[in-house]
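Hello,

Here is the structure I said I would pass on. My notes on its salt bridges and its pocket follow below.

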Amino acid sequence: MPSAFNFLTTSLLLFHPLYQGATLFKLCELDIVINYTAQDSLLFAGNMAFLGLLLVGFLSGVYGDGDGWMDAHATFYGGGDASGTMGGACGYGNLYSEGYGTNTAALSTALFNNGLRCGACFEIKCANDQRWCLPGSVVVTATNFCPPNNALPNDAGGWCNPPLQHFDLSLPVFQQIAQYRAGIVPVAYRRVPCKKRGGIKFNINGHSYFNLVLITNVGGAGDVQAVSIKGSRIAWQPMSKNWGQNWQSNAYLNGQSLSFKVTISDGSTLVSYNVAPNNWSFGQTFIGQQFN
């Protein structure tokens, strides 16, 4: 019987035997089912070797190495007290009062993903440069965008040009993993859960029929992907992303207690009921639940 290949859709990464002379490889979004008999065992062995190489190559491309580290470069900005990192494209404003401190980074276009990575946390370590690297690693939150400089080549000043993966760190953080004089260093990075103190913060701005809510201090995956709002007299309504982590609703919510439903990039959703009382006013900040 000839070998047969059937392609299905899945999101798993498994290898396990099935019943009676069949083996199933699940490679991310590709299932390869190989039905075989003793007569084509040599062909089966060849297929296994090929798929093994395919698997190794695929994982190397996606995850960098077995520990999830990927390659990038890092520079610094913002001055010795990181005052120049305040504000930024994620809209967090004063990074000290919002709980981010100096452990922050501006991301290149490839990493920033049009603002969807705002709030994500990364562990970063200097790599493969004995002259400039220092031991250890740091964890930073994405709070800003490092814009491309198309007037300069990618390897000589255009560090944040697509498709480069680059972190522009606050100077205090950069100096924890590399010497100041280096200017730019190769790094390894990986996504890690965000560990935040206290609950998620909801800062309500705008005016009647234009509610602009800045969401900060988000734990877990950290990067908010969807938000819904509920007034005590209306049902849940999805909010639209205005810019950074500012989310907008055009509903009339004055005089109602407010609840928020927040979804982060790993698919987790958290509901904070009646975060703001019915006498809330624009400019106030309220604290909700927190992702574990």
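**Salt bridges**

Arg190 and Glu123 form a salt bridge, with 3.0 Å between the closest N and O atoms; the term stands for a side-chain nitrogen of Lys or Arg within 4 Å of a carboxyl oxygen of Asp or Glu. Arg190 lies in strand S10 (residues 185–192) and Glu123 in strand S7, so the pair ties together parts that are 67 residues apart in sequence. Strands (E, at least two residues) and helices (H or I, at least four) are DSSP runs, numbered from the N terminus. Glu123 is buried at 14% relative accessibility, while Arg190 is partly exposed at 26%. Here buried means under 20% relative accessible area, exposed over 50%, and partly exposed in between (1.4 Å probe, protein chains only).

This is a predicted model, in which local features need pLDDT of at least 70 and side-chain atom pairs count only at pLDDT 80 or more, whereas totals for chains, interfaces and linings use all residues. Residues are numbered from 1 along each chain as its sequence is written, and side-chain values use heavy atoms, with hydrogens and water left out.

The count comes to three salt bridges. Asp223 pairs with Arg117 at 2.8 Å, N to O. Asp223 sits in the loop between strand S12 (210–216) and strand S13 (224–231), and Arg117 in the loop between helix H2 (109–112) and strand S7 (121–126), so this pair ties together parts that are 106 residues apart in sequence. Asp223 has 0% relative accessibility and counts as buried; Arg117, at 17%, is also buried.

Asp223 also forms a salt bridge with Arg191, the closest N and O atoms being 3.2 Å apart. Arg191 belongs to strand S10 and Asp223 to the loop between S12 and S13, so parts that are 32 residues apart in sequence are tied together. Arg191 is partly exposed, at 36% relative accessibility.

**Pocket**

The largest pocket has a volume of about 240 Å³. A pocket is an open set of points on a 1 Å grid over the protein atoms alone, where a 1.4 Å probe fits, with protein on both sides within 12 Å along at least five of seven lines; lining residues have an atom within 4 Å of a point. The volume is the space filled by probe spheres set on the points, which are joined across faces, edges and corners. Among the lining residues are Tyr100, Cys121, Val192, Lys195 and Lys196.

Regards
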